[in-house]
Amino acid sequence: MKKAGSATTGTAIQDGFDLIKQIAISVSGQGLYPITPNVQPVVAGCGMDEGLCTLFIRHTSASLLVQENYDDSARFDLENWLNRLVPEHDALYTHTLEGADDMPAHIKSALTATQLSIPFQQGKLMLGTWQGIYLWEHRHQPGTRQVVLHL
């Protein structure tokens, strides 16, 4: 399974408080990337004891999800299932300018989520025991994805 990409915390958009932060996640290609380790420190350092952390991915060919973080086979099965549901090289696709994975990536993003809301308390995300936050990269090429956090 994919390892968490490197993340950098961007400058907060300020309006009296640092409510909005942006993290950059490096991806090496298609797959599920655990980003809970990138999000939790932002929540812990926000200065609020409790609230709601909203995550939004700023791309049309990647998505976000909460999924099992214990057994890698669950993520592997999800990836295989979605790739079978939305195959590359479908003759119906007309949007192929950026390659065979481009239109399937847009469809996968439309079928999944581009934003999540997770409550936090005592500076910790209130995820379940086996839950983690993932960036789901739908393209093959490596790159950097931007995720905006609003606290």
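The model is predicted, so local features need pLDDT of at least 70, side-chain atom pairs count only at pLDDT 80 or more, and totals for chains, interfaces and linings use all residues. Residues are numbered from 1 along each chain as its sequence is written, and side-chain values use heavy atoms, with hydrogens and water left out.

**The sheet**

- 3 strands form an open, antiparallel sheet in the order 4-9-6.
- Strands (E, at least two residues) and helices (H or I, at least four) are DSSP runs, numbered from the N terminus.
- Two strands pair if DSSP finds at least two bridges between them.
- Strand 4 and strand 6 (62–68) are the edge strands, and each pairs on one side only.
- Neighbouring strands of this sheet are turned by 35° against each other on average, direction ignored. The axes behind such angles are lines fitted to C-alpha atoms, for helices over the stretch in contact, and angles run from 0 to 180 degrees between N-to-C directions.
- Strand 6 and strand 9 (residues 131–137) run antiparallel and are joined by 7 bridges.
- Glu 68 stands opposite Gln 131 in strand 9.

**Gly 31**

- Gly 31 is found in strand 4 (residues 31–34).
- Gly 31 is buried, at 0% relative accessibility. Buried means under 20% relative accessible area, exposed over 50%, and partly exposed in between (1.4 Å probe, protein chains only).
- Gly 31 and Leu 78 are 47 residues apart in sequence, and their C-alpha atoms are 9.7 Å apart in space.

**The cysteines**

- How many disulfides does the structure hold? There are 0 disulfides. A disulfide is a pair of cysteine sulfur atoms within 2.5 Å.
- Cys 46 counts as buried because its relative accessibility is 19%.
- Cys 53 is buried too, with a relative accessible area of 0%.

**The surface patch**

- Trp 81, Leu 85 and Leu 111 form a nonpolar patch on the surface, with about 330 Å² of accessible area together.
- Patches are made of residues with over 30% relative accessible area and no salt bridge; like charges are joined within 9 Å, nonpolar side chains (Val, Leu, Ile, Met, Phe, Trp, Tyr) within 5 Å.
- A salt bridge is a side-chain nitrogen of Lys or Arg within 4 Å of a carboxyl oxygen of Asp or Glu.
- Accessible areas come from the Shrake-Rupley method with a 1.4 Å probe; for residues, only the protein chains shown count as cover.
- Leu 111 is found in helix 3 (residues 102–111). Leu 111 is exposed, with a relative accessible area of 53%.
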